[in-house]
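Okay, thanks for having me. Let me put the model up and we'll walk through a few spots together.

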Amino acid sequence: MLANNPSVLEILLRLGLALLAGIVLGLNRWMHHKSAGIRTQSLVALGSALVMLLIGSYPGADAQAGSRVLQGLITGIGFLGAGVIIRQDQSPTVHGLTTAASIWACAILGATFGAGFYVLGLCAMLAMLLILELGGPLEQLSKKYLGKQRESEASEDLRDHSDRSDSLR
């Protein structure tokens with residue numbers, strides 16, 4: 001867990017890395033014209049790092065306290081992510097799932113830096129960037145070479161639901 005009283009330099013390093021992670025991930029979302037850009041991702045990462053620093057600085061804080069904070073963070077950030085998921089009326093298309101996932105991952109990334117796990121955080125940030133940059137082109141390649149059309153789980157659910165309602169008429 002965290003040292004009870006990290007130095008000012010240590011605090012600045014942890015918050016700075018969390019902020020950098022939020023900027024980098026937010027810049028990626030902004031460059032792809034998605035919601036939850038630099039400001040949102042940076043605030044999520046910074047807030048997550050801050051809460052980890054705060055709980056770690058409490059006298060008598062232990063791993064269980066950190067675990068409870070992480071549980072609340074992971075659950076609570078889902079509500080923010082849910083705000084960027086949009087389903088268009090009368091359409092099976094769902095937008096915002098990747099951005100919602102990036103918000104969730106950014107919160108955990110901020111908490112990782114806030115807890116002082118620099119190498120883990122940097123490796124995870126690189127992996128996230130790789131996924132965000134290469135995921136779309138890989139999906140397009142698989143569509144081209146495998147002939148698969150992408151269908152969201154929501155569209156299958158809607159189709160199943162409409163099939164059931166048609167059979168009830």
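Leaving aside its neighbours within four places in sequence, which residues is Leu 109 in contact with? Contact here means heavy atoms within 4.5 Å, and the answer is Ala 21, Leu 25, Gly 121, Ala 124, Met 125 and Met 128.

Quick caveats: this is a predicted model, where local features need pLDDT of at least 70 and side-chain atom pairs pLDDT 80 or more, while totals for chains, interfaces and linings use all residues. Residues are numbered from 1 along each chain as its sequence is written, and side-chain values use heavy atoms, with hydrogens and water left out.

Leu 109 is also in the largest nonpolar core, which has 20 residues. By that I mean buried Ala, Val, Leu, Ile, Met, Phe, Trp, Tyr and Cys residues joined through side-chain atoms within 4.5 Å. Leu 109 is one of those touching the most other members, along with Leu 25, Val 44, Ile 103 and Phe 113. H4 gives the most to this core, seven residues.

Now helix H1, residues 8-31; helices are DSSP runs of H or I, at least four residues, numbered from the N terminus. Its buried residues, including Leu 25 and Arg 14, pack against H2, H4 and H5. Buried is under 20% relative accessible area, exposed over 50%, partly exposed in between (1.4 Å probe, protein chains only).

Arg 14 makes a salt bridge with Glu 10, closest N and O atoms 2.9 Å apart. The cut-off is a side-chain nitrogen of Lys or Arg within 4 Å of a carboxyl oxygen of Asp or Glu. Arg 14 is buried at 7%, whereas Glu 10 is partly exposed at 22%.

Key: Helices (H or I, at least four residues) and strands (E, at least two) are DSSP runs, numbered from the N terminus. The expected span of a helix is 1.5 Å times one less than its number of residues.
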